[in-house]
Amino acid sequence: MDLFEYQGKQFFASYGMPVSPGEAVTTVDGAVAAAERLGTPVMVKAQVHTGGRGKAGGVKFAPDIDAVRTHASNILGLDIRGHIVQNLWIEKASDIVEEYYVSFTLDRSAKTHLGMLSAKGGVEIETVAVESPDAIAKIWVDPVDGLREEQCRQWVLDANLNPDVTDQAMELLLKLYWAYNVGDADLVEINPLILTPEGQLHVLDAKVTLDGNAGFRHDLTAFEATQPRDEREAAAHAKGLQYVGLEGSVGVIDNGAGLAMSTVDVVNQVGGKPANFLDIGGGANADVMAGALEVINNDPDVQSIFINIFGGITRGEEVANGIIEAMNRVDIASPIVIRLDGTNADEGRALLEPHLSDRLMMAPTMLEAARESVALADGAAS
Amino acid sequence: MSIFVDENTKVVYQGLTGSQGRYYGMLNRDYGTQVVAGTNPKKAGTDVEGVPIFASVADAVEATGANVSCVFIPAAGVRSAVLEAAVGGVELIVVITEGVPMHDEAYFYNKLKAEHPHVRLLGPNCPGLISPGKANIGITAGHIAKEGGPVGIVSRSGTLTYQALYELKQKDIGCTTCVGIGGDPVPGTSFIDCLAAFEEDPETEAVMMIGEIGGSAEEEAAEFIAANVSKPVVAYIAGLTAPPGKKMGHAGAIVSGGKGTAQAKMDALAAAGVQIGQSPSEAGDIMAEVVAQL
């Protein structure tokens, strides 16, 4: 779960790291009021889950209240790489002497945690990695031992930060690792971590991705409430379905993440465009199937539906009954093509047989079902 | 032969008294797996349909000779369940549970590696493994697999694993062992572990590998195959058209920063001499040709 910058800063602050005072607002008047309380100059910063905010005009320096009003009106509603700005973070402006970069994430190959620290912050780390890879000091942290002090000191020295702040940097990095580990983050990144004229290290930007699986240890409801989702994704999420909205016209329902991914691929391969990825999991009973069909049915772009089920433990006749019952409950706008295979597939197909029509079709293989559903979607569109 | 588990494997189920553990534990027993024990500290001395319940894995191992543990404990308890199983003395720990936090996975993976280097971990978030006709541990439907060989299967995805087993059975091709390594960020057993074991296994003559987007496990497997695997390998990779930045169901299945794409994985595998199917059924067809030429 990606946090907004201001939430990331709240997260860091809760682990004792130095962040600037600021307020999250959603209106121009709110921005002005916040700036008056904080005292100008302030930064007006778009809160979106994407990079490149600065280049897109989403981060502005406001020396006075008039500038706050101007910038806030310009940035609210701005489209940054497809993300519409709805939240602003108004923060007390900081003077900057140096800009550093630091992050922790999992190195999936090494199966340990990877820390990256650089004296060249403030630019995209991918750029630094290409142009001057030696400027990034890396450490691999054993998840059992954690980040040890002596290891952390060597890391700071390797990164060539200002020697005056070595101890301060160590303290901050140990806290950052603690936040990453105890806070169950998949990623923590500070870019830039700044050195102020007063010689203080300070968190100026925050990128945090929390692990949704760790919800039993942390209260994530406040962060979940502000997750931007399209309406389809929100509806599916509420029903406990694994759904990713795509931009095509063939609605896709599968029992399994790998199979769903594979189905999206096959629809593309035969020249169609899938409207979504939807995994209903192992059960595939009538309730789950009806919920999935409702979500697909409410997507106005969907012109045909491809249900691709492989019975493992789930038996074919259960799946067939689920589909039949779900169709009785939900009035489906688009024709459905079913591919049913695996355990007791013959029994399942026999149950579906009497219900077949030009609204409900069956295909013997995944490929043929994909072709039929794509042809139906194309026919409806033309 | 088979890899990791066979007819002599004795399994203790952590969580046998829960609904999922009981359901699949009994299905595994019906298949013919030696289901010898369950654990639950509050129900030691009782039984589940004749299978004795012990307070700990150590007690179960001592009393029954169990050498594999299968974990159906809810996500919050998996970290301590895995450590308990390792200390308890089993050789293989199979974690079916999904939704285990990444930091827990990284912790117990490295803890086992350091302190219990001879204990194999499979999963979390995996369907388990089956050596058809010998042992089925986890949630795979046993009857969709044909006994014998010559094909070994290793897969990151549950349903696509079943699909592969089923396609091979339809073509009358048997399977030595089918291992689901799971789709999480820190899988206990990797493609490489399975490829190495299949290479050593005399009855496995070809390997089917099913990967998906995210991470670099398939690329690492390709390097390993080029250097170490003499047997033919056929692969399918799911997620060719997955949009970047979207997690496709599994925690580990995400293309980010241009890394982990299906195309890069296919290219790496093809360069290592692996034959690639563009769909699961095409991979099945290719495997049928490979088997016919063995």
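The model is a predicted one, in which local features need pLDDT of at least 70 and side-chain atom pairs count only at pLDDT 80 or more, whereas totals for chains, interfaces and linings use all residues. Residues are numbered from 1 along each chain as its sequence is written, while chains are lettered from A and ligands numbered from 1 in the order in which they are written.

Within α4(B), the buried residues are B:M102, B:H103, B:D104, B:E105, B:A106, B:Y107, B:F108, B:Y109 and B:L112, a residue being buried if 20 or more other C-beta atoms, placed from the backbone, lie within 10 Å of its own. These buried residues pack against β7 (98-107), β8 (112-118), α6 (166-182) and β10 (185-195) of chain A, as well as against α3 (78-88) and β7 (120-122) of chain B.

Chain B as a whole comprises nine helices and 14 strands, and buried residues account for 61% of its 294 residues. Of the contacts in chain B between residues at least 6 apart in sequence, 72% join residues at least 24 apart, where a contact requires C-beta atoms, placed from the backbone, within 7 Å.

Between the chains, 44 residues of chain A are in contact with 48 residues of chain B. On the side of chain A that touches chain B, the largest share, 11 residues, is supplied by α9(A).

The largest nonpolar core contains 154 residues, and those with the most contacts inside it are B:V71, B:I93 and B:V94; such a core is a set of buried Ala, Val, Leu, Ile, Met, Phe, Trp, Tyr and Cys residues joined through C-beta atoms within 7 Å. Helix α9 (residues 257-269) of chain A contributes the largest share of this core, seven residues. Apart from this core lies another, of 58 residues, including A:V44, A:V68, A:V156 and A:V188.

Notes:
A residue is buried if 20 or more other C-beta atoms lie within 10 Å of its own, exposed if 12 or fewer, and partly exposed in between; C-beta atoms are placed from the backbone. Helices (H or I, at least four residues) and strands (E, at least two) are DSSP runs, numbered from the N terminus. Two residues are in contact if their C-beta atoms, placed from the backbone, lie within 7 Å.
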